[in-house]
Amino acid sequence: MSFGEGVAEEPSNSGPDIIRENEDSFKFVDLFAGLGGFHLALARMGGSCVFAAEWKEHLRNLYQANFGLLPAGDIRSVLPNDVPDHDVLTAGFPCQPFSKAGEQLGFECTEQGGLFFEVLNILSIKKPRYFILENVPNLLKHDQGRTWKRILDELGDGGLGYEVKTAKLSPHNFGIPQIRERIYIVGSIESLENFEWPAISSQETSINSILEDSPSDAKQLSRRASDCLEVWQDFIERCPENVELPWFPLWSMEWGATYPYEDETPFADKTMNGEKALKGYKGSHGVDLTSMALVEHRWEALPSHARTPQMLFPKWKQNFIRKNREFYQSNKEWIDPWLPRVLEFPSSLQKLEWNVKGGDRNIWEYVLQFRASGVRVKRPTTAPSLIAMTDTQVPIIGWQKRYMTPRECARLQSLEGLKELPKFTTHAFSALGNAVNSSVVEMVARKLIR
């Protein structure tokens, strides 16, 4: 393979707003480059990027526009020997196979699961002095810890011989207003005895530090989104002052439901009793299952979280169901008149996560987010973690009744130094959700690279 693309030709690839402390002090490669968060961080330290790889075509072109370097494409088509010599390898290898939000197929994921081994191949051939890897925290627990053990074995004494250290870090630990915990893995061919992770800051954060004042190009709330939030605000206002809004997720579909969830599940009942299954029970929002002739209809009338093919629910799910039913029984007098209002919305909007315990009971004072797990309400000290999968989960600035812009989200990822962002907002939010936080990377790198 020819690397006329993917290899830097001139020092001009240092990117925007770079202050070089020592010209060409070290060389690095940027794998799974995305928007270039690793590039920005290491270039600020005087590093020179000699190779990058990114499989998405529009991001490859954007990377060239921002850094003067066209990345190679699919890393699986790259021969390790063709990667230029370098001092530091960086890679935010795809997290989807290991994320709680996905199917957690890990290395078995046919599309992305094996990409870690492409990183491993380059490390084994080129032997850079250091590496910095980033992924989701669930990587440590995936497959009961076996995935992480294999990664450590491959990188450490059982494999390539690097000394490896790991930490969970989030931008909000360093004064950046975003809660986004990620696992950082650093390695060195020399001892890491004197390596220390960057010190956690006690500095208070505020999302206002990265916001613009009612930007004209911000996406406004749809009528449906606004109506949903108003319905939940009505719920909050109906809640008596002496009743504390719960810390656990509110699942309105459990209010009135009686299907089994502790000693057995609806799936277990269906497996054992066939066409007679679920008779005598109530489903979502108290709908009578007995009156339904077909078991398929009774099954569909259950909450989606109750339709999983499990003989026994995990303890956390049992706990949430039990607490929701207890909350309803204690408060049904004021909940029942409200309950019909939420029925017009899809399941994900029938749930509320009130993460502002003790705060004012005004939903419009907070940072909001529509998640599969429900409508999330958070204090304005930080933004929730950016999500790559869809632009419908972009954080909402409640007091301005609008979504955050790509520019603001770029500041959350410390990527304001980029000259350009993806042209289409869906591409921009997806790329920003996948990006590494440039400032966090830089703080780690400064501790590692001496």
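## Pairing and the model

Two strands count as paired if DSSP finds at least two bridges between them. The structure is a predicted model. Strands of a sheet pair through backbone hydrogen bonds, in either the parallel or the antiparallel sense.

Six strands form an open sheet in the order 2-1-3-4-6-5, and the pairing is mixed. Its edges are strand 2 (47-53) and strand 5 (163-169), each of which pairs on one side only. On average, and with direction ignored, neighbouring strands of this sheet are turned by 20 degrees against each other.

Strand 1 (residues 26-31) and strand 3 (residues 88-91) run parallel and are joined by four bridges. Within this pair, Val29 has Leu89 of strand 3 as its bridge partner. Helix 4 (residues 146-155) packs on the sheet, where it touches strand 4 (130-135), strand 5 and strand 6 (182-188). The direction of helix 4 makes about 140 degrees with that of strand 5.

## Second largest pocket

The second largest pocket holds about 190 Å³ of space. Its lining includes Arg129 and Tyr130, Ser188, the run Glu190, Ser191, Leu192, Glu193, Asn194 and Phe195, and also Lys447, Leu448 and Arg450. By class, this lining has five charged, four nonpolar and three polar residues.

## Cavities

Two cavities of 30 Å³ or more are found in a search of the whole structure. The largest cavity has about 50 Å³ of space. Ten residues line the largest cavity, and those nearest its centre are Leu386, Ile387, Val394, Pro395 and Phe429. Helix 10 (residues 425-434) gives the most to this lining, with three residues. The lining of the largest cavity has seven nonpolar and three polar residues, and no charged ones.

The second largest cavity has about 40 Å³ of space. It is lined by Glu134, Leu169, Ser170, Pro171, Arg180, Arg182, Tyr184, Asn437 and Val440. Three of the residues lining the second largest cavity are charged, four are nonpolar and two are polar.

## Confidence

The chain has a mean pLDDT of 88, with 90% of its residues at 70 or more. Among the elements of the chain, the highest mean pLDDT belongs to strand 7 (residues 250-251), at 98, and the lowest to helix 4, at 87. Residues 1-24 have pLDDT below 50, and this stretch has 68 contacts in the model beyond near neighbours in sequence. For residues 95-113, pLDDT also stays under 50, and the model has 44 contacts for them beyond four places in sequence.

Technical notes. Residues numbered from 1 in each chain as written. Predicted model: local features only at pLDDT ≥ 70, side-chain atom pairs only at ≥ 80, totals over all residues. Heavy atoms only, no water. Helix = DSSP H or I, 4+ residues; strand = E, 2+ residues; numbered from the N terminus. Axes fitted to C-alpha atoms, helices over the stretch in contact; angles between N-to-C directions. Contact = heavy atoms within 4.5 Å. 1 Å grid on protein atoms, 1.4 Å probe; cavity = no way out; pocket = protein on both sides within 12 Å on 5 of 7 lines; lining within 4 Å. Points joined across faces, edges and corners; volume = space filled by probe spheres on them. Nonpolar A, V, L, I, M, F, W, Y, C, P; charged D, E, K, R; others polar. pLDDT = per-residue confidence, 0-100.
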